[in-house]
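Please consult the sequence and structure shown here.

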Amino acid sequence: MISGIFENCIGTIDATTTLKYWAEFGYQPIQQGQLSANQAEVLYQHSAELTSWRLQNGDFATHGLVRVMLWTQLRNSGLEKTLPVVVGSRWFASLTQDIYTLADAFTDENANGSDWIYTEPIRGIEGFGNQGTGLYNRFAGVREMFVIGRETRQAFFQRYNYTRPGYGAIASSSPLKVSEGTHSSLVSNDHYLTSFYTEVFGLIPSEINSKRSGYQNPSTRQTLILEDGQEFYLSVFSSPKDIAGVLQIYTPVYSTPDRREYSQPGSQGLSLFTYQVENIQDFHQRVSNSNATHVTPIVKNEFNEPSFGLVAPDGFYWVIIG
């Protein structure tokens, strides 16, 4: 069985700061490993020595983990302040218990010399929610915000008046009451290519796929930092194994820079998603027979797990873990 999206990987040359950041969100190291520059070149297509830490939030180990990847030399400076809906952009999302506590924390960080880009929490209506009319018919949906910085590119959301068991679990040990990653997002330049993730990765497409959305929705406009006239197509693919571990793919219908070069292994910041499968030999053959390119041989990763890399037709680099 194909499992689904496993990790959100952060490239860095300052592991101490990056690990300290993730500890505030409840992530703790559960594994550490190394690769030589030659070994990293085979799997990640970046020739530099690598030390990685796998971080887990609470008890959940099937999706939404974080991997901090300490490189002796970075490929490039990464996505930096690239806005969310720009070709090549990546981010992931987590549930939080109190989104205003998060907003206050980032406000205080910037007031004391940090340089985060973040949006103020805004109300958003889920497809099965409602606007609310008052005391007797309350709003059902989320409040959400987006954060961009060196350590992460991440959306946070808090639910109001509804639940989704299994889609985000907040550990009591998380200082800022944040869950594991619930879904990960890519921004491509060709929405037709999203079929790869159904046909080859085995993800399950949503009924809303190829939906057009954008600046007309106030919460979407604010959270994704859109301007007048900016719209995109959105497709959502769920894991066949878990309710979470979702992949979202956005394609802007307006011109953007192409930042894919800055969101691949070795780049600073969020630069890779990994995908876990249960039979890596069969999956390697499946990918080799597809229109993916730069498919590497199966080798051991820094955690001694069978793994291989590939470039999907949309130009994004993936690492598959057995």
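Helices (H or I, at least four residues) and strands (E, at least two) are DSSP runs, numbered from the N terminus. This is a predicted model, in which local features need pLDDT of at least 70, side-chain atom pairs count only at pLDDT 80 or more, and totals for chains, interfaces and linings use all residues. Residues are numbered from 1 along each chain as its sequence is written, and side-chain values use heavy atoms, with hydrogens and water left out.

Q: In which loop is K177 found?
A: The phi of K177 is near 55 degrees, a positive value in a residue other than glycine. Most residues other than glycine have a negative phi. K177 is found in the loop between β9 (153-160) and β10 (178-187).

Q: Is K177 buried, exposed or partly exposed?
A: Buried means under 20% relative accessible area, exposed over 50%, and partly exposed in between, with a 1.4 Å probe and protein chains only. K177 has a relative accessibility of 27%, so this residue counts as partly exposed.

Q: What is the phi of S210 near?
A: S210 is found in the loop between β11 (204-205) and β12 (211-214). At 43% relative accessibility, S210 counts as partly exposed. The phi of S210 is positive in a residue other than glycine, near 65 degrees.

Q: How many aromatic pairs does the count come to?
A: Rings of Phe, Tyr and Trp (its six-membered ring) pair if their centres lie within 6.5 Å; planes under 30 degrees apart count as stacked, over 60 as edge-to-face and the rest as tilted. By this rule, the count of aromatic pairs comes to 26.

Q: Why is the pair of Y197 and F201 classed as it is?
A: Y197 is buried, with a relative accessible area of 0%, and F201 is buried, with a relative accessible area of 0%. Their ring centres are 5.3 Å apart and their planes lie at 85 degrees, so the pair is edge-to-face.

Q: Over which ring does the charged end of R259 sit?
A: A charge sits over a ring if NZ of Lys or CZ of Arg is within 6 Å of the ring centre and within 35 degrees of the ring normal. The charged end of R259 is 4.2 Å from the centre of the ring it sits over, that of Y262.

Q: What do the buried residues of α1 line?
A: In helix α1 (residues 15-23), the residues A15, T18, Y21 and W22 are buried. Seen down the axis of α1, these buried residues fall within an arc of 130 degrees (taken from the directions from the helix axis to the C-beta atoms), so they line one face of the helix.
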